[in-house]
Structures are given as structure tokens and as C-alpha cells.
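This briefing is meant for a reader who is meeting the structure for the first time. Please look over the sequence and the model below before turning to the notes, which are grouped by topic.

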Amino acid sequence: MMVIAAISALSLQAMVYPDCSEPELEPRVACALDAGDGTGWRLVFEFNPEGPRAREADILVVAVDGAPVQRLSYSLMRGFLPPELTDLDGDGLDDLLLPLSTGMVNSEWRIAFGTGDGFADADGEPLYGHTVEAAAPGLFAVHARGSAGRHDVAFHARDGLAIPVEATVAITFDEEGAQCALSALITEDARRPEEVYCSAAMSN
């Protein structure tokens, strides 16, 4: 069985899959992402079209030599945005950003942090917003549209697999343009000035 698994994993590394980030890719089509962090890993996404696992996606992580690294499964509730590999926490390893459900504006996202040995799910509930991006070493931002005149950004600090909210800012719009203000400073030891958060929030 181990020989068969190794041959199967090697074939996944060698097979030509469409890039999951291609904008013209049909939803729920098998695709792959190649890590850009030097690990040489390939993540192959396979979607279950029907049956009891119809809403699940299997992710096979394969090393450059074809050795299987990890197998992950996630439930996708509705819709589809492409998964991403990006270094959210600034540690030099790609993290997996997976949309669980996609809406007209905001979506639900699950993060699995790259550990060097595979991927580990972040603690807590899925994140809610339209964009998740790195903001500073150990800090990432979740942008959410609250209304036509308000944009909220939550800044999460990584602490192991926990991702507590460090601060939130609100961006509002008036005749003078966009205005940014700190709406909450949640983490007690957070000491970044308001302009650090607002600069990161306004750059999106």
C-alpha cells in the first residue's frame, strides 16, 4: 500500500493541473497550487461533485520528490473563489487561504498556517470579509464591506495557532474622501499607533 501511495503522490507532482488562481477556471475543477516558499510542495485540490461528501474538497500536499506530505479536507458551503498560497504572518512559509463560502461582497475564509511539516488550521471560527492579506510581520488584515459608506478592517495577530484580533479600524467616505479611524484596540499589549493600522488598511 505504501508503494502504491508513493506512486500516486509522484504522479500528482508530475501531472499537469490548471493553476487554481486562473480567472477563467470553472468552479470545482481539479487544480493545483505550487508553493513559492522553497519547500517545493504542490497542493492538489480535488472536489467531490456528488454523494455524501459533495460539499467537501480534498487537498493533497505532495513534496517535490513525490512523497505525500499531508491530506486535508474542508467543507465548502456554497460558491467558489480560488484558494491561495500566501505568507500571511511573515515567517517565510506559505499559508493556505481557503474560501469556505463566497458571497456577493464578503466571504468566509479558513486559514491553515504553513509549519514546515505541513499545514495547521488556525484556531477559532472562519474569518469574514472580502480580502485577507498580510499587514506586518505576525499581523494580517481582514477587510470587510459594512455598507456603501463604510469599510471595516480587523487586524489579527498570530499567536501559535490562535489569531486574536489586535485592533479594528473603520474607513468611512464623505465629500472629502476616505477617512480612517481606530474603532477598537482589543489586544492589551498592542502598542502600534493608529497610523500604522490605517496605512495598512488604506493600502488595499
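Cys 198 counts as buried, at 10% relative accessibility, where buried means under 20% relative accessible area, exposed over 50% and partly exposed in between, with a 1.4 Å probe and protein chains only. The model is a predicted one, in which local features need pLDDT of at least 70 and side-chain atom pairs count only at pLDDT 80 or more, while totals for chains, interfaces and linings use all residues. Residues are numbered from 1 along each chain as its sequence is written, and side-chain values use heavy atoms, with hydrogens and water left out.

**Disulfides**

- A search of the whole structure finds two disulfides, a disulfide being a pair of cysteine sulfur atoms within 2.5 Å.
- Cys 198 is joined by a disulfide to Cys 180, with 2.1 Å from S to S, and this link is left-handed, with -85° about the S-S bond.
- Cys 180 lies in strand β14 (residues 177-185) and Cys 198 in helix α2 (residues 194-202), so the pair ties together parts that are 18 residues apart in sequence; helices (H or I, at least four residues) and strands (E, at least two) are DSSP runs, numbered from the N terminus.
- Cys 180 counts as partly exposed, at 21% relative accessibility.
- The other disulfide is formed by Cys 20 and Cys 31, whose sulfur atoms are 2.1 Å apart, and the link of Cys 20 and Cys 31 is right-handed, with 95° about the S-S bond.
- This pair links distant parts of the chain, eleven residues apart, with Cys 20 in the loop between α1 (2-14) and β1 (31-34) and Cys 31 in strand β1.
- Cys 20 is buried, with a relative accessible area of 1%, and Cys 31 is buried as well, with a relative accessible area of 0%.
- When the bonded cysteines of the chain are numbered in sequence order, the pairing reads 1-2, 3-4.

**Helix α2**

- The buried residues of α2 are Tyr 197, Cys 198, Ala 200 and Ala 201.
- These residues cover an arc of only 165° around the axis, which puts them on the same side of α2; the arc is that of the directions from the helix axis to the C-beta atoms.
- Glu 195 and Ser 199, on the other side of α2, are exposed.
- The buried residues of α2 pack against β10 (131-136), β11 (139-147), β12 (150-157), β13 (165-174) and β14, where contact means heavy atoms within 4.5 Å.

**The sheet**

- Five strands form an open sheet in the order β10-β11-β12-β13-β14, with antiparallel pairing; two strands pair if DSSP finds at least two bridges between them.
- β10 and β14 stand at the edges, each with a single partner strand, so one side of each is left without a neighbour in the sheet.
- The twist averages 25° from one strand to the next, with axes taken as lines fitted to C-alpha atoms, for helices over the stretch in contact, and angles running from 0 to 180 degrees between N-to-C directions.
- Five bridges join β10 to β11, which run antiparallel, and the bridge partner of Val 132 in β11 is Val 142.
- α2 packs on the sheet, touching β10, β11, β12, β13 and β14, and the direction of α2 makes about 130° with that of β14.

**Confidence**

- The chain averages a pLDDT of 85, and 85% of the residues score at least 70, pLDDT being the predictor's confidence in each residue, from 0 to 100.
- In the chain, confidence is lowest in α1, at a mean of 50, and highest in strand β8 (residues 119-121), at 97.
- Over residues 1-7 pLDDT stays under 50, and the model has one contact beyond four places in sequence for these residues.
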